[in-house]
Amino acid sequence: MIRTYRDALNLALREEMQRDDRVFLMGEEVAVYQGAYKVSKGLLQEFGEMRVVDTPITELGFAGVGVGAAMVGLRPVIEFMTWNFALLALDQVVNAAAKMLYMSGGQYNVPIVFRGPNGAALQLAAQHSQSWESWLAHIPGLKVVTPATPADAKGLLKSAIRDDNPVIVLEGEMLYNTKGEVPDGDVLVPLGVADRKRAGDHCSLITYGKMVLVALQAAEQLAQEGIEIDVIDLRTVRPMDVESIAASVRRTNRAVVVEEGWEIAGIGAQIVDFIQRECFDDLDAPVVRVHQVDTPMPYAKNLERAAKPDVAKTIAAVKRVMYVEA
Amino acid sequence: MLLQRRFEERCAEAYALGKIGGFCHLYIGQEATGTGAIAALRDDDYVITTYRDHAQAIARGVPPRAVMAELFGRADGVSRGKGGSMHLFSREHNFLGGHGIVGGHIPLATGVAFAIKYRGRDQVCLCFFGEAAVNNGAFHEALNMAGLWKLPVIYLIENNRYGMGTALERASAINDIAERARAYDMPRAVVDGQDVLAVRQVVGEAVERARTEQIPTLIEARTYRFMGHSMSDAVSGTYRSKAELEEHVKRDPITVLRSMMQERGEIDDAGVAALDAEVRAVCEDAWNFADASPEPPIEALTENVVVDTTS
């Protein structure tokens, strides 16, 4: 049935908590307040305060509580009100969760999900408008998931909860109200498998998360000009489904990579590196990246709009690799 | 304690020979704290600690062979040669690791205790850290939640007076650091960390409180590190005087225990000598075992990054 992205996440949590009593949700405002973005609505009433746990404002602390609980067999879902606040918890995510299996010689895996909204919303300014996926995807031991649609949100979160590794789920504040068909029942979306969201032969648009919506809008407009776009939604940026990227680029011979974050050391850089190594002879044009302008996010509406990647910038990038006059 | 002492003397020797690399932090002088505290636990309780972890692993029952092999970076090491001195783990002994970021593991202990309460078990978690860790946010955040949620955890400050080279009174606004427990509505205790029986007694009371009433405790064990912070640090260094060190060495925890036992007639000089010979043989065996253990296979490099399973 048609559901919002928010409800799809809520359903994934509810189903997994019903299925496995080791799964619990912990974070700021997840219980009594029902979630800062209402993702956890109704869960406290259904599962009680031991399994839906409000915390003090203490990101480092409760992230570490989750890691400790996971080491001894529970399956925590740790909600960060936003990933901007999670910087305080990165020691736990990076030094504890991601490395425990390795430095213990395989003795202690950490089955934990860290989730929450990532990237910019509207006019939240510099400290609340950041995309952290390249930071997180840099770390061996983590998986990083970036659902774009309600169906993927549900299916990927369910897979993330069942995965025996630490999994980062990057949601989007601007996505929570978006709607789409969500299959009923226990339908999983596997981690590490991309999805071709639109088929076309002229140019590949490789993206993930919220930028999938931008890419699809750009593709729609370009179709009116006779340019058919292959939209590859990575869905997981680590591990990355590079085979799907290569297959698309080999079909279209051109690629644009769209990401919400900054250019330097971004996910797009990794994708372009892969394409130049594996698809060098298939390319008819250099790959072009679309990303946030290299500044902190400004508050003013016009400046914010200018800073973000958008449909117009994406279309311009496609025309550039197509050698079409803009 | 004697085994731990002799073991770490061999560690220092191995480090000088290049058989042990990286950072290596010795526990010499502090053995009574770890030994007494761990002696108060059951086998199904949990221990989590800092990077100064060799002696505590041994106190918890991890075989000296597996500890030495880990220090040598060998395949038979307790962490298969992938953790090293600072990251000894043994699932078999509920020994949840040596952790290398000061204070970073304190929230993990709170999480272990949360899991115990979640499941309605009567286990406890014992968490060691140094006095310097009480000044960082992880300590405060972790203890606040344990106090708030009433979790079965014992936080044991090993106050060895120096965070690397910075004395307690140069780092903490209050010197009586067990007092910090008041901020978390938590019982507190101060104990002579050089007296293994006193430590066992005080930790035992906290364990009982955690096990039966799910009340966390903050304990400060006053101890002293006889060696440098790590192998790259001089024994006395620029931050403490030789006279101060010598004064503290007079209260060597092994001597304190031996005197007590001799006064009670529980051991004589011959008994001590026999014990010493016995532990020296164990250490020699551990060294030989570690030396003969193969290096980890090159495939191990990319193993254990992630697991392939779901559940």
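I began with strand S1 (residues 46–49) of chain B, which three bridges join to strand S3 (residues 125–130) of chain B, the two running parallel. For pairing I required at least two DSSP bridges between two strands. Helices (H or I, at least four residues) and strands (E, at least two) are DSSP runs, numbered from the N terminus.

I noted the conventions next: this is a predicted model, in which local features need pLDDT of at least 70, side-chain atom pairs count only at pLDDT 80 or more, and totals for chains, interfaces and linings use all residues. Residues are numbered from 1 along each chain as its sequence is written, and chains are lettered from A and ligands numbered from 1 in the order in which they are written.

**Entry 1. Strand S1 of chain B.** I looked up the partners of individual residues. In S3(B), Cys127(B) is the bridge partner of Ile48(B). S1(B) is also joined by two bridges to strand S2 (residues 95–98) of chain B, again in parallel, and there Thr49(B) stands opposite Gly98(B). I then checked the side-chain directions: Tyr46(B) and Ile48(B) point one way from S1(B), Val47(B) and Thr49(B) point the other way, and all are buried. I call a residue buried if 20 or more other C-beta atoms lie within 10 Å of its own, exposed if 12 or fewer, and partly exposed in between, with C-beta atoms placed from the backbone.

**Entry 2. Helix H4 of chain B.** Is helix H4 (residues 64–71) of chain B buried or exposed? I found eight of its eight residues buried, so H4(B) is largely enclosed by the rest of the structure. The buried residues include Arg65(B) and Glu70(B) as well as Val67(B), Met68(B) and Leu71(B). Their cover includes helix H1 (2–16), helix H3 (54–59) and helix H10 (269–292) of chain B; I count two residues as in contact if their C-beta atoms, placed from the backbone, lie within 7 Å. After H4(B) comes Gly73(B), with a positive phi near 70°.

**Entry 3. The sheet of chain A.** I traced an open sheet of seven strands with mixed pairing, in the order S3-S2-S4-S5-S7-S6-S12. Strand S3 (52–54) and strand S12 (236–238) of chain A are its edges, each pairing on one side only. From one strand to the next the twist averages 20°. Within this sheet I looked at strand S2 (residues 23–27) and strand S4 (residues 75–79) of chain A, which pair in the parallel sense over five bridges. Glu79(A) in S4(A) is the bridge partner of Gly27(A). Helix H3 of chain A lies across S2, S4 and strand S5 (113–117) of chain A, at about 170° to S4(A). Axes are lines fitted to C-alpha atoms, for helices over the stretch in contact, and angles run from 0 to 180 degrees between N-to-C directions.

**Entry 4. Val39 of chain A.** I located Val39(A) in the loop between S2 and helix H2 (43–47) of chain A. Val39(A) is buried, with 27 other C-beta atoms within 10 Å. Its C-alpha atom is separated by 6.8 Å from that of Asp7(A), 32 residues apart along the chain. Leaving aside neighbours within four places in sequence, I found Val39(A) in contact with Arg6(A), Leu9(A) and Asn10(A).

**Entry 5. The contact of the two chains.** I recorded 35 residues from chain A and 35 residues from chain B in the contact. On the side of chain A, helix H3 (59–71), helix H4 (90–97) and helix H5 (100–103) each give two or more residues. H3(A) gives the most, with nine residues. I then asked what H3(A) meets in helix H5 (residues 106–119) of chain B. The axes of H3(A) and H5(B) come within 6 Å and cross at roughly 55°. The two helices are therefore oblique to each other; angles under 35 degrees count as roughly parallel, over 145 as roughly antiparallel, 65 to 115 as roughly perpendicular and the rest as oblique. Among the residues that meet are Gly61(A), Gly64(A) and Gly68(A) of H3(A), and Leu108(B), Gly111(B) and Phe114(B) of H5(B).
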